Amino acid sequence: ETLLLRVGDKCPEYGGSVDYKEHIETCYGVLWREFDHSELLLQCAEQLPHKIPFYGVLVGLINLENEEFGKNVVDSVHSKLQDALNCNRIRILMRFLTVLMCSKVILPSSVIEVFETLLSSAATTIDDEAGNPSYQPCADFYITCILSCLPWGGSELMEQVPGELDRVVLGVQSYLSIRFETDEKDFVEDLWDRVQALATSGWKVDSVPRPHLSFEEQLVSGKSYPVSCPKQRERENYEAKLKYPQRLRRLHIFPPSKTEIQPIDRFIVEEYLLDVLLFFNGCRKECASYMASLPVPFRYEYLMAETIFSQILLLPQPPFKPIYYALVIIDLCKALPGAFPAVVAGAVRALFDRIADLDMDCRTRLILWFSHHLSNFQYFWPWEEWAHVKDLPRWAPQRVFVQEVLEREVRLSYWDKIKQSIENAPALEELLPPKSGPSLKYSELSKELRDMIRGRKTAREISSWMEESIIQVHGALEVVIQTLLDIGSKSFTHLITVLERYGQVIAKLCADQDMQVLLIDEVSSFWKNNTQMTAIAIDRMMGYRLISNLAIVSWVFSNPNIEQFHISDRPWEILRNAINKTYNRIADLRKEIGTLEKGVSLAEKATKDLEAAEAKLEVVDGQPVQAEKPVRLNRLKAYVAKSKDEVVSTRESLEAKEALLVRALEENKMLFISLYKSFSDVLTERLPPVSMEVDHENSQKNGYNVREQDQWCLCTLGYVKAFSRQYATEIWPHIETLEAEVFHPLLKKA
């Protein structure tokens, strides 16, 4: 296993000095005696796809000794390709087939046949008469599979079957002529341009190792096997089970001089990096190690940074959790201390310069990543470079960005530490959040209530006392909520304890939406110096159903918060939390319902199996007797007897969960109608006429010259777009109702 995993690690392509031929021969010397390792070898090829050329040669060499091994590998790849429903797996298996052709294990004509079958499927898929143009992502995926294989085998195909390769290239060209055109060059067209340039240069590519050339004299005598393209499933099945991703939306952060490599090499290195990120998701140290030592003969730190940031900022969402990318960047900075930290800093500066043009969702992700990243490096940053933002208008995106990063840093550390970290730019102290701490208004009035809580009085006793004493003297809500929040202010655990023990008191005070809005106001007032605790308290109260999501929407769109839309993330964070919690409730219910349905289905299947087993007879000495083995029959009877009671309770749980889901979906509908109605109301008041669309172009040479109202409109429309994009699947069922609520054309466009 170690030999297979490490094969080629110290060869020149990986920056070492050991000849890869020696690596391969050592690995082969162990493997050829143990022919049962074909599955292990194939697993390595699938999960370390940047080493596929080495694994292809190993298969070719073992095939010389044992043709059954080579045939098993080919059959296994064909079978896996047939069963694959994951786009990445299909793409990598196709690459492996191409590399096996280079090592004489697969016939070149078979690879061409696979390509032409996919070409035919792609053309049929989007044909105006026979196909369905809406399936273009599916057809594009077939074409990218073909094109992405050519850097690994184009040279061999050109040498052995030039006419057939030309036919494939013409087929791709023909497909591109019938697909829908896009406003700008997309991933497929970009890859096509790169492959055309590769063909013009004689299929020479620096970033693909070609170890088979060192063994060509041996491999040429091996047996080659045919392979056919797996049968294509019905498109309806694809729609249900497959996503057809565009592999990468490139974010060009650095000037071309920093990433000056051949176009096809850029594509291949991006493939390597994305594959490592894919297969080592959850193993951040191994991921960083492989990313830092790819088999290419040139420096690629800038390209690596661009690829990772392209993933972090990918819309509608990155493939993996943002924390994964954050940890990989940290490990890469440690693995390449002389090069990568400076590249990451350069990427941050470049993105900061263009922050005004960045999507609102991307801005939020960048703030969260950057503050977390700095927390792992003693909060060191040359803040003096950005000290000028203090003199920009308070709504300028660069100023807001610095302000939000500092606020997030305070959450991850403490106020004095962050103040110390910006001592080289003292002007930025103005952008630090206030020193956190609760703001209690009713210290005297709350003393009696505090004593009752310390005396462990029940929620019912406190409610009775409240009705008799507090309500007569002063508004109960302010006194009770401020006191309970103060008791819970020591820690998150204290807050949870207070809400669990005295939630009934709060619920009684805040029975309707208007009172819940006042409750949120009290929380915000109490924690006015601590955005994090405000968000946590409101989120927990929603979790205990003391506050509804509609109340949160109503509060977020109250006048004091509307005025902060373009200068603070505070209201948006609370709104995001509310929508996420609503969405998660629905997702959890769907998951629970699926599990319960599976349980019922298994129980019903066991009953049918028992009936079939009992009905199974055979004739012995002319008499029908039970054919099923007694042991299995008894096991089935015991399982069915046990599951009967469980099925009844499971069905009851299923009905209850389905009722909760119906209610949750209705709540979800009301939430989005309320949200977009609120957006519509505030935007209609402030948006300019359509003929005078908000101008997004601006210059920051002499300060930020966008007017405050225009910046407010840009930010708010940006959040409309971000929320719509993120929750599109939940919003779409209500689109007709929502369209009736959306009045301003610019809002509808966003």
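Predicted model: local features only at pLDDT ≥ 70, side-chain atom pairs only at ≥ 80, totals over all residues.
This short talk walks through the structure shown above, from its overall make-up to a few single residues.

Residues are numbered from 1 along each chain as its sequence is written, and side-chain values use heavy atoms, with hydrogens and water left out.

Let me start with the whole protein. Its secondary structure comes to 34 helices and two strands, where helices (H or I, at least four residues) and strands (E, at least two) are DSSP runs, numbered from the N terminus. Of its 750 residues, 51% count as buried, and buried here means under 20% relative accessible area, with exposed being over 50% and partly exposed in between, for a 1.4 Å probe and protein chains only. If we take the contacts with a separation of 6 or more, residues 24 or more positions apart account for 75% of them, a contact being heavy atoms within 4.5 Å.

Next, I would like you to look at helix 6, which covers residues 87–102. It has 16 residues and reaches 23 Å from its first C-alpha to its last, close to the 22 Å expected at 1.5 Å a residue; that expected span is 1.5 Å times one less than the number of residues. Because 15 of its 16 residues are buried, helix 6 is largely enclosed by the rest of the structure. Just after this helix, K104 takes a positive phi of about 65 degrees.

What surrounds F96? Leaving aside residues up to four places away in sequence, F96 touches L41, L42, A45, I52, Y55, G56, V59, V73 and V77. F96 also belongs to the largest nonpolar core, which has 158 residues, and there F96, F309 and W383 touch the most other members. By a nonpolar core I mean a set of buried Ala, Val, Leu, Ile, Met, Phe, Trp, Tyr and Cys residues joined through side-chain atoms within 4.5 Å. Helix 8 (residues 136–160) gives this core its largest share, twelve residues, and the core draws at least three residues from each of domain 1 (1–231) and domain 2 (256–431), the bounds coming from an automatic or database domain assignment. A second, separate core of 70 residues includes I481, L485, I538 and F557.

Now to the cysteines. The structure holds zero disulfides, a disulfide being a pair of cysteine sulfur atoms within 2.5 Å. C145 is in no disulfide either, with the nearest cysteine sulfur, that of C149, 6.6 Å away. Both are buried, C44 with a relative accessible area of 6% and C145 at 2%.

Finally, some details of the backbone. A cis peptide bond, with omega of about 5 degrees, joins L315 and P316, and P316 lies in the loop between helix 15 (301–312) and helix 16 (322–335). W203, although not a glycine, has a positive phi of about 60 degrees; it sits in the loop between helix 10 (187–200) and helix 11 (216–219), and it is buried, with a relative accessible area of 7%. Y379 has a positive phi near 60 degrees, is found in the loop between helix 18 (360–375) and helix 19 (397–412), and is buried, with a relative accessible area of 7%.
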